[in-house]
Amino acid sequence: MSKITSFEDLDCWKASRELVKDIFLLSKKGELNRDFDTKSQLRRAALSVMNNIAEGFGRYSRNDFRRFLEISKGSLFEVKSILYVLEDIEYFEKGDLIPFHEKVNIIEKILKGLINKLNENKNK
């Protein structure tokens, strides 16, 4: 395993960067494109996932990093919740958003693993 020297090396940041791109492309489609409030909230939540990972890494403190990862995870759940709203109000078919839900679930697992690793190292 290679050493992590920057936030760009983190799998959770890479995956969240991809999610942000996909969310921005999704938000240009259909009814969502015209719903400025929901589009903005979805974009900001996705950006928050990615940016909190980066900001936390830049703090150079394990406790701060872990706290920012937890904030990132909260923003990720916000993205997931908004995706359900988009289905419920029929901006998109449920099947259309499955890849987004899958990406969110992958990022969640990566974040959980990293948070758990930081918690283990804290107790040593």
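User: Which residues does K80 touch, not counting residues up to four places away in sequence?

Analyst: K80 touches H101, V104, N105 and E108. Contact means heavy atoms within 4.5 Å. This is a predicted model: local features need pLDDT of at least 70, side-chain atom pairs count only at pLDDT 80 or more, and totals for chains, interfaces and linings use all residues. Residues are numbered from 1 along each chain as its sequence is written, and side-chain values use heavy atoms, with hydrogens and water left out.

User: Why is K80 said to have no salt bridge?

Analyst: A salt bridge needs a side-chain nitrogen of Lys or Arg within 4 Å of a carboxyl oxygen of Asp or Glu. For K80, the nearest side chain of opposite charge is E108, 4.5 Å away. Lys and Arg count as positive, Asp and Glu as negative; His and the chain ends are not counted. So K80 has no salt bridge, by the 4 Å limit.

User: What makes W13 buried or exposed?

Analyst: Buried means under 20% relative accessible area, exposed over 50%, partly exposed in between (1.4 Å probe, protein chains only). W13 has 9%, so W13 is buried. F7 has 24%, so F7 counts as partly exposed.

User: Why is the pair of F7 and W13 called edge-to-face?

Analyst: Rings of Phe, Tyr and Trp (its six-membered ring) pair if their centres lie within 6.5 Å; planes under 30 degrees apart count as stacked, over 60 as edge-to-face and the rest as tilted. F7 and W13 are 5.1 Å apart centre to centre, with 70 degrees between the planes. Therefore the pair is edge-to-face. F57 and F65 also form an edge-to-face pair, at 5.8 Å and 85 degrees. Both F57 and F65 are buried.

User: What makes a set of residues a nonpolar core?

Analyst: The members are buried Ala, Val, Leu, Ile, Met, Phe, Trp, Tyr and Cys residues, joined through side-chain atoms within 4.5 Å. The largest such core here has 31 residues. V79 is among those that touch the most other members. Outside its sequence neighbourhood of up to four places, V79 touches L19, I23, L42, A45, A46 and V104.

User: How do you know that Y60 is exposed?

Analyst: Y60 has 74% relative accessibility, so Y60 counts as exposed. Y60 also has a positive phi of about 60 degrees although it is not a glycine. E90 has a phi near 60 degrees too. At 69% relative accessible area, E90 is likewise exposed.
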